[in-house]
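Hello,

Here is the structure we talked about handing over. Please open it first, then read the notes below it.

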Amino acid sequence: MKLNFDNQYAKLGDKFAAKMKARPLPNPGMVSINPQGAELIGLLEDDLSGKIALEFFSGAEMVPGAEPVAMVYSGHQFGGYSPQLGDGRGLLLGQVRNEDNILWDIHLKGAGQTPFCRGADGRAVLRSSIREYLASEALHHLNIPTSRALCLIGSDEPVMRERLETAAGLIRLSESHVRFGTFEYFFYTRQHDELKRLADYVLEIHYPAFLDDASPYDRMLMEIAGRTAEMIAHWQAFGFAHGVMNTDNMSILGQTFDYGPYGFMEAFNPGYICNHSDDMGRYAFDQQPNIGLWNCLALAHAMEPLVMPGSIEHMRGHYQARFFECYDNLMNRKLGLGEPKEGDRELMNRLLSLMKDHNSDYTIFFRQLSDGATEYGDGFTGWFNDYHSRLEQEKITPEQRRKNMRAVNPKYILRNYLAQTAIEKAEQGEFDEVDLLMKILQKPFDDQPEFDVYATEPPEWGRHLEISCSS
Ligand code: AMP
Ligand code: MG
C-alpha cells in the first residue's frame with residue numbers, strides 16, 4: 001500500500017494539533033471498503049483488503065510517512081460557545097497528494113482518547129460509523145458537496161452508549177478538516193497570529209486563486225459563505241436534514257461534514273427534526289438556511305481581525321444571494337422547468353404545502369412527477385392545472401424533460417430504516433447489506449429495477465426511528 005504523504009497541517013505545529021498515536025481497535029476486521037474512496041487517494045481496492053491497510057486504519061501500525069495528529073478547535077454548539085472541543089476521538093492520520101495534485105486528509109474517527117476527549121471514551125460505535133459511511137457517499141452521488149468515505153473497520157471492543165454497542169473506526173476522506181470552529185478557537189483564545197497562520201494555510205491550500213487579491217481574507221470569507229449557502233440549498237432541495245449544525249461541524253470548504261443524527265425527509269414536513277436530542281428544533285429542516293447564515297456570521301466574527309470593516313454585512317447579502325440562486329435553480333429543475341420565471345417560487349411553495357397536508361413522500365413524489373404522473377389524489381388537481389400551463393412555456397420535448405427531471409429527482413435515498421436494517425445485520429456480523437446499500441446509493445438516479453423495494457416508503461416501524469446525538 002503506497003501512499004504519497006504530504007502532511008501540511010502537521011507542519012503548523014503544536015498550537016494547531018497534538019501529535020499522537022491512536023489506541024488500536026482490538027480484534028479489527030474490515031467491514032466495508034469503498035473502491036471509489038480508494039481511487040481518490042491513488043489506491044486499489046486490493047490495497048485495502050490486505051494486512052497492512054487493516055493495521056494502519058485500525059490504528060495499530062503506522063505506514064511510512066503518516067504523522068497522526070488530533071486537531072484543536074472549539075465552536076458554537078446549539079447556540080452556546082464551547083471553548084474547547086477538538087478531535088476527541090478522531091485523528092488526522094496524514095495528508096496524501098494524489099495524481100491530480102489534490103491533497104486528501106485521511107481521518108480516523110474512533111481512534112481512542114486524545115487530549116481533547118473531555119473524559120469521554122474516544123470511540124465511535126459501529127452503528128453511527130455505518131451511518132456516516134453510507135450517508136457521505138449517498139450525498140456525493142446526489143451531487144451534494146460532502147466529505148467522502150474510504151473504509152469501515154469493526155472491532156469487538158464493547159462501548160457503552162444508550163445500550164452496549166461495539167467500537168468501530170471510520171476512515172473519512174476530505175480535502176480539509178478545518179472547521180468554522182478552528183477559526184473560533186484561535187479568535188476566542190486571542191491567538192491572533194495563529195489565526196492568521198490558519199487563514200494563510202486555508203488560503204494557500206484551498207483558495208489559492210484569492211492569494212493575489214487585494215483583500216484575500218475577505219474574498220475567502222465570502223466564498224466560504226457562498227459555498228455554505230449552496231450546500232444548504234442542496235440539502236433543502238433533496239430533503240436532507242443534517243441534525244447538528246454546530247460551527248465545529250461546518251467545513252471551511254462548504255461541504256457536508258460530520259454526520260450524526262441526520263435524516264432524509266420522507267413524508268414532507270418543513271418542521272422535520274431528525275435529531276431526537278434537539279428539543280427546541282434549532283436544527284429543524286426549515287431552519288437550516290438561517291442557521292447556515294448564523295454559522296457564517298460566527299465565522300466572520302472570528303475572522304474580524306483579518307477582514308475589513310463592512311465585510312460581515314456584505315457577507316450576509318452574498319450568502320442570501322447564493323442560497324436563493326442555487327435553491328431556485330434546483331427546485332425549478334425538480335419541476336422540469338428551465339430558467340426561473342416570476343411565479344415559479346410560488347408554484348413550488350404551493351406544491352410543498354400540498355405535500356405537507358397530504359404527507360407525501362418527498363422523494364417518491366418528485367420521482368413520479370418526473371415520470372409524468374399527472375394525478376396525485378384529491379387536492380392536487382388545481383396545482384397540476386397550473387403546473388401544466390407553466391410547462392407549456394418550456395420549449396423541450398416531454399422525453400427530454402423526463403430525462404432532465406430524473407437527473408435531479410433521485411429514486412434512491414438513504415432512508416433511516418434502510419440504514420437501520422444494514423446496521424442490525426452488521427451488528428450480527430453480516431456486512432453484505434452495507435455493501436449492497438452503498439452500491440445502490442452510488443447510483444441514486446438510475447432505475448436499478450432489481451432494487452425497487454429500496455425505493456418504497458418506509459414500513460411502519462421505520463417511520464419513527466429516534467436517532468439521537470449519541471454516537
Ligand atoms: P460530534 O458530536 O461528533 O460532532 O462531537 C462533538 C465533540 O465531542 C468533538 O470535539 C468530538 O471529538 C467530541 N466527542 C464526541 N464523542 C466523543 C467520544 N466518544 N469520545 C471523545 N470525544 C468525543
Ligand atoms: Mg463534530
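**The magnesium site**

The magnesium ion (ligand 2) is held by two residues, N249 through OD1 and D258 through OD, at 1.9 to 2.1 Å. Please keep in mind that this is a predicted model. Are N249 and D258 buried or exposed? Both are buried.

As background, most residues other than glycine have a negative phi.

**The largest pocket**

D258 turns up again here. The largest pocket has a volume of about 750 Å³. It is lined by 33 residues, and those closest to its centre are R89, R118, D258, C469 and S471. By class, the lining has ten nonpolar, twelve polar and eleven charged residues. Which domains contribute at least three residues each to this lining? Domain 1 (10–177) and domain 2 (181–331) both do.

**The second largest pocket**

The second largest pocket holds about 500 Å³ of space. Its lining is made of 20 residues. Closest to the centre are E266, Y272, R463, H464 and L465. The lining divides into eight nonpolar, seven polar and five charged residues.

**Helix α13**

Helix α13 covers residues 398–406. Which of its residues are buried? They are R401, M405 and R406. Seen down the axis of α13, these buried residues fall within an arc of 125°, so they line one face of the helix. The face turned away from that buried side carries E399 and K403, which are exposed.

**N27, another positive phi**

N27 is not a glycine either, yet its phi is positive, at about 40°. Where is N27 found? It is in the loop between β1 (17–19) and β2 (29–33).

**Where to start**

Then go on to α13, with its buried face and the exposed E399 and K403 on the face turned away.

Best wishes

Note on methods: Residues are numbered from 1 along each chain as its sequence is written. Chains are lettered from A and ligands numbered from 1 in the order in which they are written. This is a predicted model: local features need pLDDT of at least 70, side-chain atom pairs count only at pLDDT 80 or more; totals for chains, interfaces and linings use all residues. Side-chain values use heavy atoms; hydrogens and water are left out. Donors are N, O and S atoms within 2.8 Å of the metal (3.2 Å for Na, K and Ca); water is not among the atoms, so sites may look incomplete. Buried means under 20% relative accessible area, exposed over 50%, partly exposed in between (1.4 Å probe, protein chains only). On a 1 Å grid over the protein atoms alone, a cavity is a set of points where a 1.4 Å probe fits but cannot get out, and a pocket is an open set with protein on both sides within 12 Å along at least five of seven lines; lining residues have an atom within 4 Å of a point. Grid points are joined across faces, edges and corners, and a volume is the space filled by probe spheres set on the points. Ala, Val, Leu, Ile, Met, Phe, Trp, Tyr, Cys and Pro count as nonpolar, Asp, Glu, Lys and Arg as charged, and the others, Gly among them, as polar. Domain bounds come from an automatic or database domain assignment. Helices (H or I, at least four residues) and strands (E, at least two) are DSSP runs, numbered from the N terminus. The arc is that of the directions from the helix axis to the C-beta atoms.
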